[in-house]
Amino acid sequence: ISGLELCILRPAVVYGAGDINGLMPRIVCGRVYQHLDEKMKLLGTPDLAISTVHVEDVVKAIWMAKDMAPGSVYNVADSAHFTVGDMNDLLAEVFGIKTGFVSGIMNGLARKAFSMAVNQAFSMAVNQGFSMAVNHIFLSLSLSMPSAWLST
């Protein structure tokens, strides 16, 4: 949009009140694996970094963005040095479960499946957007046509 001045904020994995997509799903999975009495295996490797940020810090960053230069881009993360291995260790300690990682082959297959899912979702979104645009155009046309043109 011409003249719209934006500052881009790119938050890391957000945790805190209301967390349903950050660390909480991993914690819930830990509890489920405790109940099942099974080993919890995650994708990735123990040294894979997880950048995190508390939800209150994200809110502060959003508030501060009003004074930031238009066109600027900021990564919003805390200074914690946290890895997937740390997460596994924490879950093992809290829930008394065994944790580990899937094989490299499984990681590769998951990466490929994720890539395919993203491509399919993008295609669906583009097609849906196109379909919505066409429907909007035809609806606009039919609303602007004299009613005599629409009757058969």
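Contact means that heavy atoms lie within 4.5 Å of each other. The legends below describe a predicted model, in which local features need pLDDT of at least 70 and side-chain atom pairs count only at pLDDT 80 or more, while totals for chains, interfaces and linings use all residues. Residues are numbered from 1 along each chain as its sequence is written, and side-chain values use heavy atoms, with hydrogens and water left out.

View 1. Thr52 is found in strand 4; strands (E, at least two residues) and helices (H or I, at least four) are DSSP runs, numbered from the N terminus. Thr52 counts as buried because its relative accessibility is 4%; buried means under 20% relative accessible area, exposed over 50%, and partly exposed in between (1.4 Å probe, protein chains only). Apart from neighbours within four places in sequence, Thr52 touches Ala12, Val13, Tyr15, Leu23, Ala77, Asp78, Ala80 and Phe82. Phe82, with its own neighbours within four places set aside, is in contact with Leu23, Leu48, Ala49, Ile50, Thr52 and Met87.

**View 2. The largest nonpolar core.** A nonpolar core is a set of buried Ala, Val, Leu, Ile, Met, Phe, Trp, Tyr and Cys residues joined through side-chain atoms within 4.5 Å. The largest one has ten residues, namely Leu23, Met40, Leu42, Ile50, Phe82, Val84, Met87, Leu91, Phe95 and Ile97. Strand 3 (40-42) and helix 3 (84-95) are the elements that give two or more residues to this core. Helix 3 supplies the largest share, four residues. Apart from this core lies another, of five residues, including Val53, Val58, Ala61 and Val76.

View 3. Met24, Ile27, Val28, Val32 and Leu36 make a nonpolar surface patch of about 390 Å². Patches consist of residues with over 30% relative accessible area and no salt bridge, where like charges are joined within 9 Å and nonpolar side chains (Val, Leu, Ile, Met, Phe, Trp, Tyr) within 5 Å. Accessible areas come from the Shrake-Rupley method with a 1.4 Å probe; for residues, only the protein chains shown count as cover. Val28 lies in helix 1, and Leu36 belongs to helix 1 (residues 24-36) as well. Val28 counts as partly exposed because its relative accessibility is 46%, and Leu36 counts as partly exposed at 44%. The C-alpha atoms of Leu36 and Ile97 are 9.9 Å apart, although 61 residues separate them along the chain.

**View 4. The salt bridges.** Side chains of opposite charge can pair when their charged atoms come close. A salt bridge is a side-chain nitrogen of Lys or Arg within 4 Å of a carboxyl oxygen of Asp or Glu, and by this rule there are two. Asp57 pairs with Lys60, their closest N and O atoms being 3.9 Å apart. Both Asp57 and Lys60 lie in helix 2 (residues 55-65), three residues apart, about one turn of the helix. The other pair is Asp67 and Lys66, at 3.0 Å from N to O. Asp57 counts as partly exposed, at 34% relative accessibility, whereas Asp67, at 62%, counts as exposed.

**View 5. Confidence along the chain.** The predictor's confidence in each residue is given by pLDDT, from 0 to 100. The protein chain has a mean pLDDT of 80, and 75% of its residues reach 70 or more. Among the elements, strand 4 (residues 52-54) has the highest mean pLDDT (94) and helix 5 (residues 147-150) the lowest (45). Over residues 140-152 the pLDDT is below 50, and this stretch has two contacts in the model beyond near neighbours in sequence.
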